[in-house]
Amino acid sequence: MSYSSFREADASPPPSPPGRAARNRLGIAAGVAAVLAVAAGGVYLANAATEPRPSNAANAVTDASPPAARSESPSAMTSTSTTPSPRATPSTAATPKVPVTGWVPVDGTAWKAQVNAYKALKIDPVPAGVGNLPEFRADCQYSHRLPDDPIVAPGLPGASHMHSFVGNKALDANTVAGDLLKFTATSCKPAQDHSAYWVPTLYDNATGKPVETTGFRVYYRSLAKNSTGQLPMPNGLRMISGDAKKKKPTPRGATGQFYCAFYGPGDLDGIARSTNGNWPICGGDATLHFMMQFPDCWDGKHLDSPNHKDHVAYGSGNACPASHPVRIPAITFDIQYPAKGTPAGYYLSSDKEGKSASSMHGDAFVMWDVNTMNKRTKNCVLGRRTCDNYGYQK
């Protein structure tokens, strides 16, 4: 698998493709009822409804390799568990949950407990040869696709354009935060990442067939020149990057376009363009990639907001705005597609007219084993050392 490389000391939303100097490197190529409480070394659900919920996951379109056998009675995973459960499809006989939308408050007790545990951690000794890029990551594969969006259209199966999901395999329109901890089968490594990530499905204009990712890397990193005040990510946080309604052209050199990447020299803008000019055609071994960046500052009070953006913000330099004073790891999606581009180009499910790539956007529903999130943030982001899926990367 090849990934593009992306590095900026200071970043503003959303990033453009990596510069030429970086392209030769392998690398970075709810409800309230279900908010986690962290105490006594474990993870607990605060007043959470843990019974199975209705799901249309059985109708999800998956990859060619079938998931692990389904379990009708999945058990909740604690903070010390490291092995994902089989793919779980909750019973359809349960009473539907009512998702909490709008301004969703964080469980203050849970967050304080997580922060206290994080501050008590010591940075582990750093082996020789570890890089100084402040990040850790999860490497994910395509899981399934559904016309669902549990952030924008919670509790409304089929109400969204088609999305391609990676990470938590049980995700559908009815998923709330507690479900991500209970149904933990994942297409990501490490298995301690129970989060769900998704983007609009990409389609080939010539055939009408979907093009699903062959590599979906999720970075958690620092965008600043130092990590002063760095804290971990709170569980249950929901965020969106990009604008599904944007319909602007994405010609050669445009910000927010798909680009071409692989090892070795090549043209990020491609050797040619689609007939409408909005999609690159890649030369050599390069294939289509997309990269998007999420905010790195949080208001410290809410896990979501009415537009799914106002509770988070992008920092400037080394500072977070006073309205969003909590510095959290910045999520970055680095997505690889098994396509080289064609004259006919592509279209996104969020823009079926296929005029451009500008409606590309991403969603993140964060849920990690708390001990793992704390340890990775302490060692890798605060300690400003390069980590992979499992810790320090040599």
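Predicted model: local features only at pLDDT ≥ 70, side-chain atom pairs only at ≥ 80, totals over all residues.

Mentor: Residues are numbered from 1 along each chain as its sequence is written, and side-chain values use heavy atoms, with hydrogens and water left out.

Trainee: How many disulfides does the structure hold?

Mentor: A disulfide is taken as a pair of cysteine sulfur atoms within 2.5 Å. When the bonded cysteines of the chain are numbered in sequence order, they pair as 1-2, 3-4, 5-6, 7-8. The number of disulfides in the structure is 4.

Trainee: How many residues apart in sequence are the parts that C260 and C282 tie together?

Mentor: The sulfur atoms of C260 and C282 lie 2.1 Å apart, and the torsion about their S-S bond is about -85 degrees, so this disulfide is left-handed. Strands here are DSSP runs of E with at least two residues, numbered from the N terminus. Because C260 sits in strand β14 (residues 259–261) and C282 in the loop between β16 (280–281) and β17 (287–293), the parts tied together are apart in sequence by 22 residues.

Trainee: Are C297 and C320 buried or exposed?

Mentor: These two cysteines form a disulfide with sulfur atoms 2.0 Å apart, and with -80 degrees about the S-S bond the link of C297 and C320 is left-handed. C297 belongs to strand β18 (residues 297–298) and C320 to the loop between β20 (312–313) and β21 (326–327), so the pair joins parts that are 23 residues apart in sequence. Buried means under 20% relative accessible area and exposed over 50%, with partly exposed in between, using a 1.4 Å probe and protein chains only. By that definition, C297 and C320 are both buried.

Trainee: What is the relative accessibility at which C387 counts as buried?

Mentor: C387 forms a disulfide with C380, their sulfur atoms being 2.1 Å apart, and this link is left-handed, with -90 degrees about the S-S bond. C380 counts as buried because its relative accessibility is 1%. C387 counts as buried at a relative accessibility of 1%.

Trainee: With which side chain does the side chain of H144 make a polar contact?

Mentor: H144 lies in strand β6 (residues 142–146) and counts as buried because its relative accessibility is 0%. A polar contact is a pair of N or O atoms within 3.5 Å; within protein, one must be able to donate a hydrogen and the other to accept it, and residues adjacent in sequence count only if both atoms are side-chain atoms. At 2.8 Å, the side chain in polar contact with that of H144 belongs to S143.

How values were computed
Helix = DSSP H or I, 4+ residues; strand = E, 2+ residues; numbered from the N terminus.
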